[in-house]
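Visitor: I would like to learn how to read a surface feature from a model. Please take me through one case.

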Amino acid sequence: MDRKDNRQVFASLTLILQFSLNMIVPIFLCTMVGVWLDKKYDIPWIVVPLFIMGALAGFTNIFKMAKKIYGKSGDSDRNHAKKVK
């Protein structure tokens with residue numbers, strides 16, 4: 001493997017790490033807040049909605065990141081379509 005291939009591999013690994021952190025961190029934080037609220041106020045069901053909220057926040061983060069990375073080519077297609085009309 002030459003240096004260009006190594007850079008591509010490291011770039012791919014970095015992207016995978018960013019996607020996974022953008023998903024795991026909100027889920028973990030919301031779940032921990034739910035566990036804390038359960039212990040403090042004795043509301044055991046609060047963990048489930050907070051977990052779901054964390055998952056939705058993670059998906060939103062991933063969607064925004066993917067749109068920023070891969071959406072640039074799609075934006076130019078939309079702008080071209082607006083000019084044609």
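Visitor: Which helix holds V25?

Guide: V25 lies in helix α1. Keep in mind that the model is predicted.

Visitor: Is V25 buried, partly exposed or exposed?

Guide: Buried means under 20% relative accessible area and exposed means over 50%, with partly exposed in between. V25 has a relative accessible area of 40%, so V25 is partly exposed.

Visitor: How does L29 read on that scale?

Guide: L29, also found in helix α1, counts as partly exposed because its relative accessibility is 49%.

Visitor: Which residues form the nonpolar patch on the surface?

Guide: Nonpolar side chains with over 30% relative accessible area are joined into a patch within 5 Å. Here L17, L21, I24, V25, F28, L29 and M32 form such a patch, and together they have about 660 Å² of accessible area. L17 is likewise placed in α1, which covers residues 3-41.

Visitor: Which residues of α1 are buried?

Guide: F19, M23, P26, I27, C30, T31 and G34 are buried in this helix.

Visitor: What span should α1 have, and what does the model give?

Guide: With 39 residues at 1.5 Å a residue, α1 should span 57 Å; its end C-alpha atoms are 56 Å apart, which agrees.

Notes: Residues numbered from 1 in each chain as written. Predicted model: local features only at pLDDT ≥ 70, side-chain atom pairs only at ≥ 80, totals over all residues. Heavy atoms only, no water. Patch = residues over 30% accessible without salt bridge, like charges linked within 9 Å, V, L, I, M, F, W, Y side chains within 5 Å. Areas by Shrake-Rupley, 256 points an atom, 1.4 Å probe, with all protein chains shown as cover. Salt bridge = Lys/Arg side-chain N within 4 Å of Asp/Glu carboxyl O. Helix = DSSP H or I, 4+ residues; strand = E, 2+ residues; numbered from the N terminus. Buried < 20%, exposed > 50% of the residue type's maximum accessible area, 1.4 Å probe, protein only. Expected span 1.5 Å × (residues − 1).
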